[in-house]
Amino acid sequence: MHRTAYLLLADGRFPSGGHAHSSGLEAAVAAGRVTDLPGLEAFLHGRLSYAAPVTAAFTAATHLSAARMGRAPCSTHSDVKVPFLSLDRELEARTVSPALRLASRRQGRALLRAGRNTWPSEVYGHLPKHADGPHQPLALGVTAAAAGLSTEEAAQVAAYGVLTGPASAAVRLLGLDPYQVQNLLARMAGVCDEIAAAAAAVAHKSPQELPAHAAPLADISAELHATWEVRLFAS
């Protein structure tokens, strides 16, 4: 277990580009659905119910495949990397909104760049090639493997990241007390741990069997947000 690497990857200051995204909070604030701390709490609980299980599971599954690749002889890499292609396709199918697909891939591209420079590894090169980059959970899973994290630790970073983006954005968008926002995140820590454990438990399953939760309102809001000429966040 690499404790410092775990802290580095989970740190909001890690240069992965996440600070540029509100994960739908900016659109929710503009629509009047989130106006205060209780509203943020409800929004984050929603994120935990649909986004976190999917993100954590795909991160965990990618990590497991990457870790196996790291232990496999080079001659077998073409066979081991096949799950990456399936994971990418399955996550793409679960991400209905084109705007959210683009946001995921751009965050994945930024994370991949940071990961390669922080924890160099040949395994990054086996991710599916895409003009906009790999999906963020895939990039996170590979980076976590390169950093020496366990599958459950990778899933924890993923679940935690689902919360921290919009939580940080809420301080800027609503002027909320950052201490109260941190207290809110601390109270959600147990749920994050449960989601991470569940994700690690299914990481060995086929990509088709991984969680497929959806939130139609989030998809619609993301498409509307993408049409704005003036906005603080990319998503």
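This is a predicted model: local features need pLDDT of at least 70, side-chain atom pairs count only at pLDDT 80 or more; totals for chains, interfaces and linings use all residues.
Visitor: What makes H7 a mostly covered helix?

Guide: Buried means a relative accessible area under 20%, and eight of the eleven residues of H7 are buried, so the helix is described as mostly covered. The buried residues of H7 are Pro137, Leu138, Ala139, Leu140, Gly141, Val142, Thr143 and Ala144.

Visitor: Why is the aromatic pair of Phe14 and Trp119 called stacked?

Guide: The ring centres of Phe14 and Trp119 are 5.7 Å apart, and rings pair if their centres lie within 6.5 Å, so the two rings count as a pair. The planes of these rings are 20° apart, and because planes under 30 degrees apart count as stacked, this pair is stacked. A search of the whole structure finds one aromatic pair.

Visitor: What does this pair tie together?

Guide: Phe14 lies in the loop between H1 and H2, while Trp119 lies in the loop between helix H6 (98-118) and helix H7 (136-146), so the pair ties together parts that are 105 residues apart in sequence.

Visitor: How do you know whether Phe14 and Trp119 are buried or exposed?

Guide: Phe14 has a relative accessibility of 9% and Trp119 has a relative accessible area of 13%; because buried means under 20%, Phe14 and Trp119 are both buried.

Visitor: Why is H8 called oblique to H10?

Guide: Helix H8 (residues 151-174) and helix H10 (residues 189-202) pack at an angle of about 135°, with their axes 8 Å apart. Angles of 65 to 115 degrees count as roughly perpendicular and those over 145 as roughly antiparallel, so an angle of about 135° falls among the rest, and H8 is oblique to H10. H8 passes H10 in a right-handed crossing.

Visitor: Which residues make the contact between H8 and H10?

Guide: On H8 they include Thr151, Glu152, Ala155 and Tyr160, and on H10 they include Cys192, Asp193, Ile195 and Ala200. By class, this contact of H8 with H10 has ten nonpolar, two polar and two charged residues.

Definitions and conventions
Residues are numbered from 1 along each chain as its sequence is written. Side-chain values use heavy atoms; hydrogens and water are left out. Axes are lines fitted to C-alpha atoms, for helices over the stretch in contact, and angles run from 0 to 180 degrees between N-to-C directions. Helices (H or I, at least four residues) and strands (E, at least two) are DSSP runs, numbered from the N terminus. Angles under 35 degrees count as roughly parallel, over 145 as roughly antiparallel, 65 to 115 as roughly perpendicular and the rest as oblique. A crossing is left-handed if the near helix is turned anticlockwise from the far one by less than a right angle, and right-handed if clockwise. Contact means heavy atoms within 4.5 Å. Ala, Val, Leu, Ile, Met, Phe, Trp, Tyr, Cys and Pro count as nonpolar, Asp, Glu, Lys and Arg as charged, and the others, Gly among them, as polar. Rings of Phe, Tyr and Trp (its six-membered ring) pair if their centres lie within 6.5 Å; planes under 30 degrees apart count as stacked, over 60 as edge-to-face and the rest as tilted. Buried means under 20% relative accessible area, exposed over 50%, partly exposed in between (1.4 Å probe, protein chains only).
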